[in-house]
Amino acid sequence: MKPVFMTYTKKDLINLAVCMVLSVLVIPTFITTEYWYTSILIPWLCLALATIGQQIVMGYTGQLALGAAGFMAAGAFAMFNLILRVPDLGFVGSLIVSGLIAAAFGILFGLPSLKVRGIYLMVATLASQFFIIWMIDKFGWFKNYDSSGIITAQDIVILGKPFTTPLAMYFVCLAVTTVLTLLAMNMARGSTGRNWMAVRDMDIAAESMGVSLLRTKVQAFAISAFYCGVAGALFAFCYLKSLEPVAFDIKLSFKILFMCILGGLGTINGAFIGAAFILLFPVLLNAIGNNVFHGAIDATIISSIEQVIFGGLMIIFMIYEPLGMAKLWENIKQKWKTKIPSSTNIKSSLSKKT
Amino acid sequence: MTQERKFKIGKPILEVKNISLSFGGVKAITDTSFDVLEHEVRAIIGPNGAGKSSMLNCINGIYKPQQGTVSFKGKEITNITPNLMAQMGLSRTFQNLALFKRMSVLDNILVGRKLHTKTNFLEVAFQLPKVKKEEKINRERSEEIISFLEIENIKNTPVGKLPYGLQKKVELGRALATDSSVILLDEPMAGMNVEEKRDMCRFILKVNDELGTTMVLIEHDMGVVMDISDRVVVLDYGKVIGDGTPDEVRSNQKVIDAYLGVEH
């Protein structure tokens with residue numbers, strides 16, 4: 001496949017066009033219920049963005065990190081304070097600076113990755129999760145000395161126009177997510193991504209080729225935290241519409257980790273698939289509980305069943321398809337293609353042989 | 001090797017002086033010195049456990065010797081790291097294969113172009129024109145190496161799926177992609193059959209002949225070593241017991257003893 005435009009092949013451009021048409025035209029025309037925007041689409045985009053951050057550090061660079069929610073909290077509270085104290089920055093400017101502030105935390109908490117690896121690194125990165133939440137709780141300045149514990153997020157205003165309806169907020173999230181996803185894809189496919197993967201697959205060889213472990217790992221942590229920070233800011237301002245440190249607890253970090261693993265380590269589209277699955281699965285179970293069993297099953301039991309099924313799925317994926325749903329999807333497409341060989345496939349298989 | 005060489009053997013490019021390395025109480029290398037001349041094929045041989053791989057790891061900076069110095073291109077290098085040596089123009093392959101298993105052959109070789117990649121991650125993210133230009137140059141060079149090594153048919157295959165012999169070739173390719181002046185090869189022919197070995201010898205000589213790359217290789221197979229190297233250093237129990245041309249080494253009594261055993 002030859003790239004047609006920048007690093008994108010024809011297939012990529014078609015995929016991109018399909019996604020854009022779906023998300024910009026089809027969804028806004030056909031989905032009119034607010035519930036879908038406020039409870040599914042907006043959190044999906046935000047969490048997918050955070051999952052891309054987790055992918056960069058874990059899927060591409062191979063560093064087991066667990067603290068995405070901490071960086072999200074850093075981004076969210078940075079956003080709150082920037083809009084409050086530096087109103088001149090504007091929404092987009094604040095969003096970028098919040099990402100950069102989260103990235104600074106990422107660099108700080110990524111430093112242990114130079115000395116420890118694997119499960120030990122995971123424990124070390126947990127420090128970021130607890131430290132950031134503790135810091136926000138401890139120092140009243142971050143919450144503007146609000147005593148209630150929950151702060152209402154400011155309204156989103158871009159270039160003087162308010163973005164307060166669910167649909168408008170969805171478009172804000174969509175725009176940010178699209179831009180950052182494309183940038184992540186460029187990095188992952190370019191020399192930056194090759195350095196990440198080289199460190200992941202064989203760090204000693206990477207170093208012998210001139211890839212600096214320090215720079216590559218710290219860079220991955222910083223970019224990952226940037227993505228998480230921006231995602232956290234969007235999560236707070238578009239989805240929660242409030243800021244409370246509890247919303248960014250360790251449970252959310254684990255959720256993002258699961259999205260990353262189920263979606264497929266080392267893939268960008270896996271981030272979207274994983275996030276969609278984990279968000280939609282409880283909705284689906286609830287719908288089944290209500291419609292098939294007509295509420296005969298208690299809601300608490302359903303949420304327990306959810307946990308059980310998640311656990312089971314994680315184990316099944318780890319054993320049979322460690323590369324997650326993105327790989328599963330690839331395999332299905334591959335099988336479909338081999339079953340019905342089109343003329344182009346025959347051509348390509350012939351050219352492979354020669 | 002009777003014909004005239006394009007690159008004449010020159011001055012010492014790599015000098016190892018009085019290196020001693022021990023792991024706890026075990027002495028891997030004791031007071032070892034030798035040199036490598038520019039553009040030559042230099043072999044390090046010796047029985048198992050003689051300290052050959054440890055020697056390469058000391059040169060490359062993966063191990064830190066307790067004593068001794070390594071000089072490269074006339075400079076004595078005090079704090080050797082693999083990264084620094086790569087930047088100075090010394091590349092290597094590994095004994096037990098250290099490829100990037102989930103990446104394709106082409107991507108593996110492209111990582112070897114790292115030191116010729118000057119653009120940073122932001123420039124890559126925004127795909128600035130200079131990134132595209134650089135990527136194009138790096139890809140062309142990598143494709144050249146791929147066709148040089150005759151592995152065009154597998155260039156998009158993930159390396160982990162390839163058989164051992166081909167993986168060894170890819171590793172040589174990755175080392176070549178760095179355009180280094182010296183390449184250290186740690187048992188490039190281990191576990192290969194006769195035909196594959198002959199192939200690998202051909203590539204090593206071809207690289208040395210056409211690019212003038214200095215090759216330092218470790219090998220078990222005496223026959224192969226004697227055929228392709230200009231000079232051989234023999235290690236046994238971490239000490240140099242012979243150093244010279246293949247013929248000199250072959251007739252060295254100490255070497256014969258080490259390889260065939262001594263009558264007691």
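**Close-up views of a predicted model**

**View 1. Strands β3 and β9 of chain B run parallel and are joined by four bridges.** In this predicted model, the pairing links residues 41–45 of chain B, which form strand β3, to residues 231–236 of chain B, which form strand β9. Within this pair, B:Ile44 stands opposite B:Val233 of β9(B).

**View 2. An open sheet of six strands in chain B has mixed pairing.** Read across the sheet, the strand order is β6-β7-β8-β3-β9-β10 (chain B). The edges are formed by β6 (90–92) and β10 (239–244) of chain B, each of which pairs on one side only. On average, and with direction ignored, neighbouring strands of this sheet are turned by 15° against each other.

**View 3. Helix α1 of chain B lies across strands of chain B.** The helix, spanning residues 52–60 of chain B, lies across β3, β6, β7 (182–186), β8 (214–218) and β9 of chain B, and runs at about 150° to β7(B).

**View 4. Helices α2 and α10 of chain A cross at roughly 70°.** The axes of α2 (residues 34–60) and α10 (residues 250–263) of chain A come within 9 Å, and because angles of 65 to 115 degrees count as roughly perpendicular, α2(A) is described as roughly perpendicular to α10(A). On the α2(A) side the contact is made by A:Leu47, A:Ala50, A:Thr51, A:Gln54, A:Gln55, A:Met58 and A:Gly59, while α10(A) contributes A:Ile256, A:Leu257, A:Met259, A:Cys260 and A:Gly263. By residue class, the contact of α2(A) with α10(A) comprises seven nonpolar and five polar residues, with no charged residue.

Notes
Residues numbered from 1 in each chain as written. Chains lettered and ligands numbered in written order. Predicted model: local features only at pLDDT ≥ 70, side-chain atom pairs only at ≥ 80, totals over all residues. Pairing = 2+ DSSP bridges. Helix = DSSP H or I, 4+ residues; strand = E, 2+ residues; numbered from the N terminus. Axes fitted to C-alpha atoms, helices over the stretch in contact; angles between N-to-C directions. Contact = placed C-beta atoms within 7 Å. Parallel < 35°, antiparallel > 145°, perpendicular 65-115°, else oblique. Nonpolar A, V, L, I, M, F, W, Y, C, P; charged D, E, K, R; others polar.
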